[in-house]
Amino acid sequence: MAITYYGYPKCGSCLKAKAWLDAEGLSYHDVHIVETPPTIEELKKIVETSGLPLKKFYNTSGMKYRELGLKDRLPTMSDDEQFELLSSDGMLIKRPLVTDGSKVTLGFKESDFIENWKR
């Protein structure tokens, strides 16, 4: 399946991830995570595929996360409320988010990219 790359052009980790994918000659669908964040349905599928807890998908170092006081609010929010929140603002999602429908990586860690995306 094709790779979908959700990133933000001014994000350093995103730029590194994109450069890595390009250097490997991998083609991917580039999605601006702020202009077109994943839908609730897409996020549910991505989280399920990743096997990671939903809280890992939050950009905890982002200004928006701190502004909304999510560190204290998330533990009392339902999964549905969290998916709604994540899909409403791409700046809340940890990035880059890369998936091909059967694998998911969050952020850029070269060893994860080698393990998951190297051909």
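1. Helices (H or I, at least four residues) and strands (E, at least two) are DSSP runs, numbered from the N terminus. On that basis the protein has six helices and four strands, and read from the N terminus these elements follow the order β-α-β-α-α-α-α-β-β-α.

2. A word on the basis of this note: the model is predicted, with local features needing pLDDT of at least 70 and side-chain atom pairs counting only at pLDDT 80 or more, while totals for chains, interfaces and linings use all residues. Residues are numbered from 1 along each chain as its sequence is written, and side-chain values use heavy atoms, with hydrogens and water left out.

3. On overall dimensions, the C-alpha trace spans about 40 × 25 × 25 Å along its principal axes. The radius of gyration of the protein is 14 Å, which agrees with the value near 14 Å that a compact globule of 119 residues would have; this radius is taken over C-alpha atoms, and the globule rule is 2.2 Å times the number of residues to the power 0.38.

4. Of the contacts (heavy atoms within 4.5 Å) between residues at least 6 apart in sequence, 67% join residues at least 24 apart.

5. The structure holds five salt bridges, each being a side-chain nitrogen of Lys or Arg within 4 Å of a carboxyl oxygen of Asp or Glu. One of them pairs lysine 18 with aspartate 30, whose closest N and O atoms are 2.4 Å apart. This pair links distant parts of the chain, since lysine 18 belongs to helix α1 (residues 12-23) and aspartate 30 to strand β2 (residues 28-32), 12 residues apart. Lysine 18 is partly exposed at 25% relative accessibility, and aspartate 30 is also partly exposed, at 37%.

6. Another salt bridge joins lysine 44 and aspartate 80, with 3.5 Å between the closest N and O atoms. Lysine 44 sits in helix α2 (residues 40-50) and aspartate 80 in helix α5 (residues 79-88), so the bridge ties together parts that are 36 residues apart in sequence. Lysine 44 is partly exposed, with 36% relative accessibility, whereas aspartate 80 counts as exposed at 53%.

7. A further salt bridge brings together the side chains of aspartate 100 and lysine 103, at 3.5 Å from N to O. Here aspartate 100 is buried, at 9% relative accessibility, while lysine 103 is partly exposed at 29%.

Terms used. Buried < 20%, exposed > 50% of the residue type's maximum accessible area, 1.4 Å probe, protein only.
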